Amino acid sequence: MSKARLIDGKEIAAKLRKTVAAQTLTLRNSYGLVPGLAAVLVGEDPASQIYIRNKETHAREMGMNNFSRKLSKNTSEAELLKIVSKLNANPEVNGILVQQPLPTFIDAFTVIENVDPAKDVDGFHSFNLGALLRGSGGLVPCTPKGCMMLLETTLSDLNGANAVVLGRSNIVGKPLAQLLLAANTTVTITHSHTRDLPEICRNADILISAIGQPELIKGHWIKPGAIVLDVGINRKKTKDGKQILVGDVDFDEAIEIASAITPVPGGVGPMTIACLLENTLIACCQQNGVPVPEI
């Protein structure tokens, strides 16, 4: 059996950003509207700083306005909620995301629930998660949305496929399961209490991991010919002491078994930011009662 085809998230994300940039230009020229994104960062977490900087860079490249706020690590929950309230009231701000993790003295759920659902471009608000469950629209969480785009470029028809999702978080696992159900797959969600996890994984036509355990999933866990999406991003120290990024899947083993697989980095990660920008464009159109431009 030949090695798995790499699912190039960088390339697919670049195509999506190009489309969003063209739509943003059309929106400006046709309606005088410019989507505005506000990313709020509390503290100085290095990974979060890089992530926010990437979001800001890509937003500018898309022709969007940037309203990002970088706050002290000592910012109180009350102060953060006031800032969120001001962003909610600003008509030039169409999308708001509060970067996680937040300091331990701030309740993330409370903050998310105070973001206007119409501006919740992360798709984490209960309203948007409920809309996803009902299949009635709303802003879709970015990483699950990106996963579905990657799957659709790899498998033209998901109908009837057996999908296994490792992880049950509200950010990835649960919303991804809803999107897979909407695509008519049969979905199994696994978690830390799941019994016979390797055997369940071996039954998957589509295997998606978002558990944050480096290289847990070995080649013998994977059904020959399966499609593997690795959402995990973990730091691993090599024998010579260097730090590298790896996924939840043992890539070197999995590539010999699967038919297609995402690398880490360069797989799901780039899609998350691209989908965030698309959500910002969609939110701008919905808030102003205009259609999303067709390109």
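At 47% relative accessibility, Asn 184 counts as partly exposed, a class lying between buried (under 20% relative accessible area) and exposed (over 50%), as computed with a 1.4 Å probe on protein chains only. The structure is a predicted model, in which local features need pLDDT of at least 70 and side-chain atom pairs count only at pLDDT 80 or more, while totals for chains, interfaces and linings use all residues. Residues are numbered from 1 along each chain as its sequence is written, and side-chain values use heavy atoms, with hydrogens and water left out.

The phi of Asn 184 is near 70°, a positive value in a residue other than glycine. Asp 196 also has a positive phi, near 55°, and is likewise not a glycine. Asp 196 sits in the loop between β7 and α8 (197-202) and, at 59% relative accessibility, counts as exposed. Most residues other than glycine have a negative phi, and most peptide bonds are trans. Two cis peptide bonds can be described here: one runs from Gln 100 to Pro 101, with omega near 5°, and another joins Val 264 and Pro 265, with omega about -5°. Pro 101 belongs to the loop between β5 (95-98) and α4 (108-114), whereas Pro 265 is found in the loop between β12 and α10.

Attention now turns to the sheet. Six strands form an open sheet with parallel pairing, in the order β1-β12-β9-β8-β6-β7; two strands pair if DSSP finds at least two bridges between them. At the edges are β1 (5-6) and β7 (186-190), each of which pairs on one side only. β1 is joined by two bridges to β12 (residues 260-261), and these strands run parallel. Within this pair, Leu 6 stands opposite Ile 261 in β12. Helix α6 (residues 142-154) packs on the sheet and touches β1, β8 (206-209), β9 (227-230) and β12. The direction of α6 makes about 155° with that of β9, an angle taken on a 0 to 180 degrees scale between N-to-C directions of lines fitted to C-alpha atoms, for helices over the stretch in contact.

Four bridges join β10 (residues 234-237) to β11 (residues 243-246), and the two run antiparallel. Asn 234 stands opposite Val 246, and Arg 235 stands opposite Leu 245. Five residues lie between the strands of this hairpin, where Gly 241 takes a positive phi near 90°.

Gly 167 is found in the loop between β6 (162-166) and α7. With 9% relative accessibility, Gly 167 counts as buried. Leaving aside neighbours within four places in sequence, Gly 167 is in contact with Gly 173, Ile 189, Thr 190, Ala 210 and Ile 211, contact meaning heavy atoms within 4.5 Å. The C-alpha atoms of Gly 167 and Ile 208 are separated by 8.8 Å, although these residues are 41 residues apart along the chain.

Among the helices, α5 (residues 126-134) has Asn 128, Gly 130, Ala 131 and Leu 132 as its buried residues, and these pack against α7 (173-182). Gly 135 follows α5 and has a positive phi, near 75°. In α10 (residues 268-287), 17 of the 20 residues are buried, so this helix is largely enclosed by the rest of the structure. The end C-alpha atoms of α10 are 28 Å apart, in agreement with the 28 Å that its 20 residues should span at 1.5 Å a residue, the expected span being 1.5 Å times one less than the number of residues. Just after α10, Gly 289 takes a positive phi of about 65°.

Asn 279 lies in α10 and is buried, at 1% relative accessibility. A polar atom of the Asn 279 side chain lies 3.0 Å from the backbone oxygen of Val 121. Residues up to four places away in sequence not being counted, Asn 279 touches Val 121, Leu 139, Val 140, Cys 142 and Lys 145.

Finally, the cysteines may be considered. Zero disulfides are found in a search of the whole structure, a disulfide being a pair of cysteine sulfur atoms within 2.5 Å. For Cys 142, the nearest cysteine sulfur is that of Cys 275, 6.3 Å away. Cys 142 is buried, with a relative accessible area of 3%, and Cys 275 is buried too, at 0%.

Technical notes: Polar contact = N/O pair within 3.5 Å; in protein donor to acceptor, adjacent residues only side chain to side chain.
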